[in-house]
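Biologist: I would like to learn how to read a few features of a protein model, one at a time. Could you take me through them with a case for each?

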Amino acid sequence: MPEPTDDVELPQATVVPPKRSRISIVWIIPVLAALVGIGIAVQRIRSEGPTITIVFKAAEGIEAGKTFIKYKDVIIGQVKTVQFTEDYAKVEVTAKITKRAAGLMVDDAQFWVVRPTITLSGITGLNTLLSGNYIGFKSGASDVERTEFVGLDKAPFVAGQLGREFVLTADDLGSLAAGSPILYRHLPVGQVIDFDLAPDGKSVRINVFVSAPYDRFVSRGTRFWRTSGISVSLGANGFDVKTESLASLLVGGIAFDAPPFVHDTAEAPSDSEFALHEDRAAAMKARDAMTRLYVLRFNESLRGLAVGAPVTYLGVQIGEVVDIGFDFEPEKANIAPRVSITFYPERLLVFTDPGQQKRVEEHLKSDERRRNAFLQRMIDERGLRAQLRTGSLLTGQLYVAFDYFPKAPKASIVTNKGVAEFPVVASGLVDLEAKLSSIL
């Protein structure tokens, strides 16, 4: 093998610069997926509404991820978690609200669990038998936003309905219950919402709701009365049976109307307070500004006369009996029967001209002396007297009638201890007995 010599030239190495690396097409797909994911996340964050918490006493039928929050049958949120409060006394429900309904989450908004309920007044929440319980919602009027709420124990009866609420006061609740109907001219126009004792514990406050457009018939002069059950009365006016709708027979009811003599037709504002009367007759009585107490002394048996019996003038009721008792007359060593009545002198004067009517009423109301002078003139010139009469031969009930007896002996109004005593005449039965005795 020949040995290398210095004359032989060796090959030289050539340096080749490295080529620039290119991004593989394989990486484009993950990058695009990441960008799409980020866009979806941003869009979801921007479209999500607030997260709220609602505290209930119990979580009956509420499940995380399944129970919805509905407003006017539209889903506005969904329950995310259900857990106990820190003291384990209640249940805290966390829910996600849609962005479109975010403006409804205000300070006085209300939440409750809608479940099927069967009462004598009807069936509610029947659709939950298939779809399951859901959380109902009632919007508020506040402008203050809020994310923490306390759920109601039971659903409000008038959620989402147009109308107005009013407050009725009564001595007791009677047969009324939540859901009892409110009637106007025998039409159901509302219902009883709830009730509670007054702060002093001496009366009951009943919250009622009248639906639109019937709420416009509730004016400042409107009267409310009970229509519960069947009303049977036996008195001087005879045998009277009254009843309302079948629902009011089962769960009680309330009716309202304005008396014809009330001219204040301005609509009553929401939460106005009214007295609840026992029946229509009591509600429709006129509130006479000139009501005065008078005493009648009859020298005959008062059997058949009861408190509440009507006092009439020519057949028209102008008052009622308010008390029956006795007075001791020491100078005569006698115990005389006493009948106290309320008498409305203004009902004796009815004019077609409202201005004249008001002037006469103000004239009589302004001075007790003028009023007694007016009555004394009728006593002297026309023989106005009070008399006991039989209202019903069947029941024997009596009432007090004011009528004219021109041949009656002269008499006058006597004031004793601040109470005026009106002259009387014997009843027709007593007069007949006297004549029969005289003939015999």
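This is a predicted model: local features need pLDDT of at least 70, side-chain atom pairs count only at pLDDT 80 or more; totals for chains, interfaces and linings use all residues.

Biologist: Which strands are joined to strand E2, and do they run parallel or antiparallel to E2?

Modeller: Strand pairing is read from bridges, with at least two needed for a pair. Strand E2 (residues 68-71) is joined to strand E3 (residues 74-84) by 4 bridges, and these two run antiparallel, whereas 2 bridges join E2 to strand E8 (residues 134-138) in a parallel arrangement. Phe68 stands opposite Gln78 in E3, while Ile69 has Ile135 of E8 opposite. The hairpin of E2 and E3 has 2 residues between the strands, and Lys72 takes a positive phi near 55 degrees there.

Biologist: Which residues of E2 lie on the covered face, and which on the uncovered one?

Modeller: Ile69 and Tyr71 form the covered face, and Phe68 and Lys70 the uncovered one.

Biologist: Is Asp257 buried or exposed?

Modeller: A residue counts as buried under 20% relative accessible area. Asp257, which lies in strand E17 (residues 254-257), has 9% relative accessibility and therefore counts as buried. Beyond four places in sequence, Asp257 touches residues including Arg185, Arg223 and Arg280.

Biologist: Which residues touch the most other members of the largest nonpolar core?

Modeller: In this core of 26 residues, they are Leu305, Ile341, Val400, Phe402 and Phe422. Strand E24 (398-404) is one of the elements that give two or more residues to the core, and E24 gives the most, with 4 residues. A second, separate core has 21 residues, among them Ile52, Ile97, Met105 and Phe137.

Key:
Residues are numbered from 1 along each chain as its sequence is written. Side-chain values use heavy atoms; hydrogens and water are left out. Buried means under 20% relative accessible area, exposed over 50%, partly exposed in between (1.4 Å probe, protein chains only). Contact means heavy atoms within 4.5 Å. A nonpolar core is a set of buried Ala, Val, Leu, Ile, Met, Phe, Trp, Tyr and Cys residues joined through side-chain atoms within 4.5 Å.
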